[in-house]
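Please keep the sequence and the model in view while reading.

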Amino acid sequence: EDESMQKASDIPLYICNFFANFVNNIQKIELNMRYMNRHKEGEKKSRFGYKLLKPLFFIMTENTNSETVNFTKLFKIFRRKLTQILIYNIKSSKQGWLKSIYLNDMFLCEILNGIQIINKSVILSSIFKQFVIINPYDSIPIFIRNNQLIFQQNGWNLHHSTYHHPKRGVASKNCLLITPQ
C-alpha cells in the first residue's frame, strides 16, 4: 500500500483515546429494537432511529428472522465495565412490550460466542451480571429446555423471569435472563 494512503487512513491517537475512554465507562447496553429498525420514520417528532448504525452491531441477512446482535463485537468494544445487555422492543409504556428478537440458531451461536469472551476476560467475568431478552419472538420455555445444558456447560444459566424496567416503569413476565452460575 502506498505510504501516503497509509497515513491518510490512520485514525489520530487522540480520537482512539477518546473512543477508548468513552466505551470504557459503559455499564449497560439497551437495544430497543423499535429504534434499531428505524431511520427517519419519526422525523416529524424529531425522533430518529439507528437503522444506519445497525450493521455495526448486528449480524444481518436479508431475512430479518436471521439477524441477531453481534455480541462478539460488543464485548470486544465494551470490555471494561459492562454489566448488562438488555434487548427489548417498546414504543411507549402504555402500549407495552412488542416482540424483540428471535431465539434462533444464529442467536444461540452468537450469544455463546459472547459468553466465551466473557469467560476468558478476567474483568468481564467478574462484573458482567446478565443478558435480558424481553418478549422474544420464540418461546422462552422451549429455548431453555433445548439449550440449558450447553449454557450450564459454559458456566451460565437460563431463566424465564419477570423484568421491571426502572426508567420506563413497566414490567414484562416474558423475559429470558441469561446469568453466570
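**Pocket, sheet and selected residues**

By class, 15 nonpolar, one polar and two charged residues make up the lining of the largest pocket. The model described here is a predicted one.

**The largest pocket**

- The largest pocket holds about 470 Å³ of space.
- Its lining consists of 18 residues, and those nearest the centre of the pocket are I29, E30, L31, M36 and F57.
- Several elements each contribute at least two lining residues, namely α2 (13-24), β1 (28-32), α3 (33-36), α4 (54-57) and α5 (71-77).
- Strand β1 supplies the largest share of this lining, with five residues.

**The sheet as a whole**

**Pairing between strands**

- Strands β1 and β4 run parallel and are joined by five bridges.
- Within this pairing, K28 has Q84 in β4 as its bridge partner.
- Strands β4 and β5 also run parallel, and four bridges join β4 to β5.
- In this second pairing, I85 stands opposite F131 of β5.
- Strand β5 (residues 130-134) and strand β7 (residues 170-180) run antiparallel, with four bridges between them.
- Here F131 has I178 in β7 as its bridge partner.

**Burial of strand β4**

- Strand β4 (residues 84-88) is mostly covered, as five of its five residues are buried.
- Both of its faces are covered, with Q84, L86 and Y88 buried on one side, and I85 and I87 buried on the other.

**Residue N135**

- Residue N135 lies in the loop between β5 and α8 (140-153).
- The phi of N135 is near 50°, which is a positive value in a residue other than glycine.
- As a general rule, most residues other than glycine have a negative phi.
- N135 has a relative accessible area of 12% and therefore counts as buried, because the cut-off for that class is under 20%.

**Residue Q148**

- Residue Q148 is located in helix α8.
- Q148 is buried, and its relative accessible area is 17%.
- Eleven residues separate Q148 and H159 along the chain, and their C-alpha atoms are 9.0 Å apart.

**Cysteines and disulfides**

- In general, a disulfide is a covalent bond between the sulfur atoms of two cysteines.
- The count of disulfides in this model is zero, where the rule asks for a pair of cysteine sulfur atoms within 2.5 Å.
- C109 is partly exposed, and its relative accessible area is 45%.
- C175, by contrast, is buried, with a relative accessible area of 0%.

Technical notes. Residues are numbered from 1 along each chain as its sequence is written. This is a predicted model: local features need pLDDT of at least 70, side-chain atom pairs count only at pLDDT 80 or more; totals for chains, interfaces and linings use all residues. Side-chain values use heavy atoms; hydrogens and water are left out. Buried means under 20% relative accessible area, exposed over 50%, partly exposed in between (1.4 Å probe, protein chains only). On a 1 Å grid over the protein atoms alone, a cavity is a set of points where a 1.4 Å probe fits but cannot get out, and a pocket is an open set with protein on both sides within 12 Å along at least five of seven lines; lining residues have an atom within 4 Å of a point. Grid points are joined across faces, edges and corners, and a volume is the space filled by probe spheres set on the points. Ala, Val, Leu, Ile, Met, Phe, Trp, Tyr, Cys and Pro count as nonpolar, Asp, Glu, Lys and Arg as charged, and the others, Gly among them, as polar. Two strands pair if DSSP finds at least two bridges between them.
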